[in-house]
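Trainee: I have a new protein on screen and would like to learn how to read it. Where do we begin?

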Amino acid sequence: MQFDKTKTYFNLARAFAGESQAGMRYQLIAGEATKQGYMSLADEIRAIAKNETVHARRFFEELTKRGSKLDNIVLDAGYPFHTGDLCQSLTLAAKDESSENREIYPAFARDAKEEGYGDVSALFNMVAEVERHHEQIFTYLGNAMKEGTLYKNNTPILYVCTECGHKLTSTEAWDICPLCKSSQGYVALNLPYGKEKI
């Protein structure tokens with residue numbers, strides 16, 4: 001079958017569009033976090049936005065190296081256009097990431113495998129795994145914002161100022177760094193899913 005007629009062709013185009021939009025949505029959320037003084041939160045969200053942009057690039061590369069009809073691909077797909085305050089936006093981002101890693105990309109991977117594109121199937125599965133990690137991060141951040149625990153913990157943990165490196169082990173981060181006087185928004189986030197970069 002000609003590639004331009006396969007499900008994989010359209011799925012790559014949909015994935016490119018979706019990842020491109022996700023990257024932009026997350027940049028907008030990061031901008032709101034910055035406005036509110038949550039600099040470390042904004043940095044985490046920007047790192048995820050960068051991941052989404054790289055995913056879009058990979059889907060575009062796979063599409064363009066195989067497809068011959070690329071001037072205009074008509075897609076019948078839904079894309080999230082929701083928004084809210086910072087807490088709501090983080091919660092909605094977790095929901096979007098869940099849909100990608102539990103439903104969309106596994107289905108796209110199955111289609112690609114059935115059509116004989118094992119490498120594209122593997123790509124969809126790898127991206128789904130990253131999106132699962134993004135879902136965990138956004139879920140944690142949304143809950144922490146809602147519960148007011150972004151910079152609080154039941155047991156003492158290490159808080160580090162991203163500006164000057166000041167450290168304190170406590171159940172709550174400082175409001176103003178005692179060393180450099182930066183606001184609490186510069187305290188590094190203590191994500192419960194490991195310290196590996198996204």
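Mentor: Begin with the names of the pieces. Helices and strands are DSSP runs, numbered from the N terminus. Take one case: Lys-181 lies in the segment after strand S2, which covers 167-172. Keep in mind that this is a predicted model.

Trainee: How many helices and strands are there in the protein?

Mentor: Four helices and two strands. Along the sequence, the pattern reads α-α-α-α-β-β.

Trainee: What box do the C-alpha atoms fill?

Mentor: Roughly 65 × 25 × 25 Å, taken along the principal axes.

Trainee: Back to Lys-181. Is it buried or exposed?

Mentor: Use the cut-offs. Under 20% relative accessible area is buried, and over 50% is exposed. Lys-181 has 57%, so it is exposed. Look at its backbone too. Lys-181 is not a glycine, yet its phi is positive, about 70°.

Trainee: What share of the residues in the protein is buried?

Mentor: Of the 198 residues, 41% are buried.

Trainee: Now helix pairs. At what angle do the axes of H1 and H3 cross?

Mentor: At roughly 165°. H1 spans residues 7-35 and H3 spans residues 86-114. Their axes come within 11 Å. An angle over 145 degrees counts as roughly antiparallel. H1 and H3 are therefore roughly antiparallel to each other. The crossing of H1 past H3 is left-handed.

Trainee: Which residues make that contact?

Mentor: On H1, they include Asn-11, Arg-14, Tyr-26 and Ile-29. On H3, they include Leu-90, Tyr-105, Phe-108 and Asp-111. Sort the contact of H1 with H3 by class and you get ten nonpolar, three polar and eight charged residues.

Trainee: Let me zoom in on Asn-11. Where is its place?

Mentor: In helix H1. Its relative accessible area is 6%, so Asn-11 is buried. Leaving out residues up to four places away in sequence, Asn-11 touches Phe-108, Asp-111 and Phe-124.

Trainee: With which side chain does the side chain of Asn-11 make a polar contact?

Mentor: With that of Asp-111, at 3.0 Å. Now compare a pair of C-alpha atoms. Those of Asn-11 and Cys-87 are separated by 31 Å, and the two residues are 76 apart along the chain.

Trainee: What about contacts across the whole protein? What percentage join residues at least 24 apart?

Mentor: Take the contacts between residues at least 6 apart in sequence. Of these, 66% join residues at least 24 apart.

Trainee: Let me try the pair H2 and H4. At what angle do they pack?

Mentor: At about 160°, with axes 11 Å apart. H2 covers residues 39-66, and H4 covers residues 118-147. H2 and H4 are therefore roughly antiparallel to each other. Their crossing is left-handed. Among the residues that meet are Ile-45, Ile-48, His-55 and Phe-59 in H2, with Leu-123, Val-127, His-134 and Phe-138 in H4. The contact of H2 with H4 divides into 13 nonpolar, three polar and seven charged residues.

Trainee: One last residue. Where is the place of Asp-4?

Mentor: In the segment before H1.

Trainee: Is Asp-4 buried or exposed?

Mentor: Its relative accessibility is 5%, so Asp-4 counts as buried. Check what surrounds it. Apart from residues up to four places away in sequence, Asp-4 touches Tyr-9, Phe-10, Gly-67, Ser-68 and Lys-69.

Terms used. Residues numbered from 1 in each chain as written. Predicted model: local features only at pLDDT ≥ 70, side-chain atom pairs only at ≥ 80, totals over all residues. Heavy atoms only, no water. Axes fitted to C-alpha atoms, helices over the stretch in contact; angles between N-to-C directions. Parallel < 35°, antiparallel > 145°, perpendicular 65-115°, else oblique. Left-handed = near helix turned anticlockwise from the far one by under 90°. Contact = heavy atoms within 4.5 Å. Nonpolar A, V, L, I, M, F, W, Y, C, P; charged D, E, K, R; others polar. Buried < 20%, exposed > 50% of the residue type's maximum accessible area, 1.4 Å probe, protein only. Polar contact = N/O pair within 3.5 Å; in protein donor to acceptor, adjacent residues only side chain to side chain.
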